[in-house]
Amino acid sequence: KVTSTLKLTARWNTKNYTVIFYANDTSDKIIKQTFVLDVEQALMKNSFIREGYTFVGWAKNGFGEKVYDDCAIVKNLTDKVNDEVTLYAKWAANTYTVKFNANGGSGEMADMSFNYNEEKALTVNTFTRKDYTFAGWATSADGDVIYADEQNVKNLTAENKATVTLYAVWKN
C-alpha cells in the first residue's frame, strides 16, 4: 500500500549482441563491437593490416566471399540477444609489375605482372650488349647480381600496384 508520493524510474534492458572481427591472417587478432537489435549501426572501420594484401571487406567465414564492405551500415546480424556474430577480414593479394632495364644493353623485354605470395620464373633475358655477357639481374643500375636469369622469385615488393625494376648486369 502506497501512502506517499513514489517516484518510479523505468529501466530498459537493451537487446545487445556482439560482432567479433577476425583479422583472418596468420595472427589471432580480434576486435569486438557491441550492437543493439533493431538498430542500424556501422561496422567499425577495419584496422587490421596484412603485409602484401589489401583489405576488401568482411566475410561470414574464413574462406567465404565478401558480404559486407568496410563501415557498412547493418541491422540485426542476429536475432538473438547476447549472441555473437563472427566476421572475417577478406584480403586480396597485392599486384605489382616487374620491368626490365637493359642497363647499357639493347633490345626489349615485356613487363611481368605478379600477385603477392605468387612465385614465378623471371622471363629469360633477351637483351644483348656487344662484347659483354649477361650475368643476371640487380635492383639498381650499379648493383650486384641478385637474381639469375629465369630465377623463380616471389614477393619482390609488398606495395600494391608498385613497379620493381630489374637491371641487367653485364660482365666483359
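Predicted model: local features only at pLDDT ≥ 70, side-chain atom pairs only at ≥ 80, totals over all residues.
Buried residues have under 20% relative accessible area, exposed ones over 50%, and partly exposed ones fall in between, using a 1.4 Å probe and protein chains only. Residues are numbered from 1 along each chain as its sequence is written, and side-chain values use heavy atoms, with hydrogens and water left out. Helices (H or I, at least four residues) and strands (E, at least two) are DSSP runs, numbered from the N terminus.

**Nonpolar cores**

- In soluble globular proteins, nonpolar side chains tend to be buried together.
- A nonpolar core here is a set of buried Ala, Val, Leu, Ile, Met, Phe, Trp, Tyr and Cys residues joined through side-chain atoms within 4.5 Å.
- The largest such core has 19 residues, and V19, F21, L43, W58, Y68 and L87 have the most contacts inside it.
- Strands β1, β4 and β7 (84–93) are the elements that give two or more residues to this core, and β7 supplies the largest share, 4 residues.
- Y68 is in contact (heavy atoms within 4.5 Å) with L43, G57, W58, K60, V74, L77 and L87, leaving aside neighbours within four places in sequence.
- Another core, of 18 residues, lies apart from the largest one and has F100, W137, A162 and L166 among its members.

**L122, a buried loop residue**

- L122 sits in the loop between β10 (120–121) and β11 (133–138).
- With a relative accessible area of 2%, L122 is buried.
- Not counting residues up to four places away in sequence, L122 touches F100, M112, W137, Y147, A148, E150, Q151, V153 and L166.
- From L122 to V56 the C-alpha distance is 29 Å, and the two are 66 residues apart in sequence.

- N125 belongs to the loop between β10 and β11 and counts as buried at 14% relative accessibility.
- A polar atom of the N125 side chain lies 3.0 Å from the backbone nitrogen of F127.
- Beyond residues up to four places away in sequence, N125 touches M109, F134, W137, D149 and W170.
- Q33, in strand β2, counts as buried at 12% relative accessibility.
- The side chain of Q33 has a polar atom 2.9 Å from the backbone nitrogen of M44.
- Q33 touches Y17, T18, V19, F21, Q41, A42, L43 and M44, with residues up to four places away in sequence not counted.

**Salt bridges**

- A salt bridge is a side-chain nitrogen of Lys or Arg within 4 Å of a carboxyl oxygen of Asp or Glu, and by this rule the count comes to 4.
- K15 pairs with D38, their closest N and O atoms being 3.2 Å apart.
- This pair links distant parts of the chain, 23 residues apart: K15 is in the segment before β1 (16–22), and D38 is in the loop between β2 (30–36) and β3 (41–42).
- K15 is partly exposed at 37% relative accessible area, and D38 is partly exposed at 45%.
- D70 forms a salt bridge with K45, with 3.5 Å between the closest N and O atoms.
- D70 is in the loop between β5 (66–68) and β6 (73–74) and K45 in the loop between β3 and β4 (53–59), so the pair links distant parts of the chain, 25 residues apart.
- D70 is partly exposed at 26% relative accessible area, whereas K45 is exposed at 58%.
- The side chains of D111 and K99 also meet in a salt bridge, at 2.8 Å from N to O.
- Because D111 lies in the loop between β8 (95–101) and β9 (112–115) and K99 in strand β8, the pair ties together parts that are 12 residues apart in sequence.
- D111 counts as partly exposed at 41% relative accessibility, and K99 is partly exposed at 34%.

**Surface patch**

- L8 is placed in the segment before β1.
- V2, L6 and L8 form a nonpolar patch on the surface, with about 360 Å² of accessible area together.
- Nonpolar patches are made of residues (Val, Leu, Ile, Met, Phe, Trp, Tyr) with over 30% relative accessible area and no salt bridge, their side chains joined within 5 Å.
- Accessible areas come from the Shrake-Rupley method with a 1.4 Å probe, and for residues only the protein chains shown count as cover.

Methods. Polar contact = N/O pair within 3.5 Å; in protein donor to acceptor, adjacent residues only side chain to side chain. Patch = residues over 30% accessible without salt bridge, like charges linked within 9 Å, V, L, I, M, F, W, Y side chains within 5 Å.
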